[in-house]
Amino acid sequence: MLRDITLGQYYPANSVIHRLDPRVKLLGTLLFIVSLFSLKGITALAVATVFLVTVIKLSKVPFRFMVKGLRAIVILMLITAFFNLFLTPGEPLVSFWKFKITAPGIRNAVLMAIRLTYLILGTSIMTLTTTPNQLTAGLEKALRPLGKIGVPVHAISMMMSIALRFIPILIEETDKIMKAQMARGADFESGSLIRKVKSMVPLLVPLFVAAFRRADDLAMAMEARCYHGGEGRTQLKPLRYQGRDRLAYLILLAYLAGIFLCRHFLPWPQV
């Protein structure tokens, strides 16, 4: 299960998506998330599906590698679908005890599961095709106007980049600790759910120790390289928009226009 989490990992490949400016990918991911929660109707869902599949194809990241990240949110997806299915008001199709299943409930449950799936896939594309250094540079450049009102843009960008980079590192560390304890007789698989949760408690202490040790090593490495914040720092490869980046912005605008038109002029039949 831990190996299935792809968020924060980088998949090296030579694709158009990899070569895009990180600011384009950051804005594109944000707009895609907004569009997911603006979907209304099966036509808009089809537009979002075609857009996502096209981007995945252009990224040259294996689809099986991306789908692995969905396994980690199966429980969250089932809980969300359950609440939407049984707690949505409307004319009951099936009712038992205090629960009832309605047509809007079925529609909302399916739509929410699709939204969560597309959300994970969309955000995974950004992290899989962008290195942590590129993410930091892109986020800092995109938020630079906020620096004029005193917002520590560089510090925020650096913290977010380090947090993303630490996700796969801590997952790998957890996997090593689990294997070491299983070699000593620990059991993380059998028993009830409560017992499985209790068996995970001994992992927390060594995991926190490892996390603090890595954080301390990172701080010492940054100090050894005379890092004192972003003021006065320059970039080895400054970000500059290319023709493909401008074309990507036009495609994003066309996608949002398609979602808007489908939402307001083709809302039926709804999913």
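Which residue forms a salt bridge with E173, the closest N and O atoms being 3.0 Å apart? The residue is R214, as the first of these close-up views of a predicted model shows.

**View 1. Salt bridge between E173 and R214.** The closest N and O atoms of E173 and R214 are 3.0 Å apart. This pair links distant parts of the chain, with E173 in helix α8 and R214 in helix α9, 41 residues apart. R214 has a relative accessible area of 30% and is therefore partly exposed. E173 has a relative accessible area of 11%, so this residue is buried.

**View 2. Salt bridge between E173 and R213.** The side chains of E173 and R213 also meet in a salt bridge, with an N to O distance of 4.0 Å. E173 belongs to helix α8 (residues 153-183) and R213 to helix α9 (residues 193-224), so the pair ties together parts that are 40 residues apart in sequence. R213, with a relative accessible area of 44%, is partly exposed, whereas E173 is buried.

**View 3. Salt bridge between K179 and D175 within helix α8.** In this pair the closest N and O atoms are 3.4 Å apart. Both K179 and D175 lie in helix α8, with four residues, or about one turn of the helix, between their positions. K179 has a relative accessibility of 52% and counts as exposed because the cut-off for that class is over 50%. D175 has a relative accessibility of 12% and counts as buried because that class takes values under 20%.

**View 4. Network of E173, R213 and R214.** Salt bridges that share partners join these three residues, E173, R213 and R214, into one network. E173 pairs with R213 at 4.0 Å and with R214 at 3.0 Å.

**View 5. Nonpolar patch on the surface.** The patch is formed by L93, V94, F96, W97, I106 and V110, which together have about 650 Å² of accessible area. Strand β1 (92-96) and helix α6 (103-128) each supply at least two residues of the patch. β1 gives the most, with three residues. L93 is one of the patch residues and is found in strand β1. At 56% relative accessibility, L93 counts as exposed.

Key:
Residues numbered from 1 in each chain as written. Predicted model: local features only at pLDDT ≥ 70, side-chain atom pairs only at ≥ 80, totals over all residues. Heavy atoms only, no water. Buried < 20%, exposed > 50% of the residue type's maximum accessible area, 1.4 Å probe, protein only. Patch = residues over 30% accessible without salt bridge, like charges linked within 9 Å, V, L, I, M, F, W, Y side chains within 5 Å. Areas by Shrake-Rupley, 256 points an atom, 1.4 Å probe, with all protein chains shown as cover.
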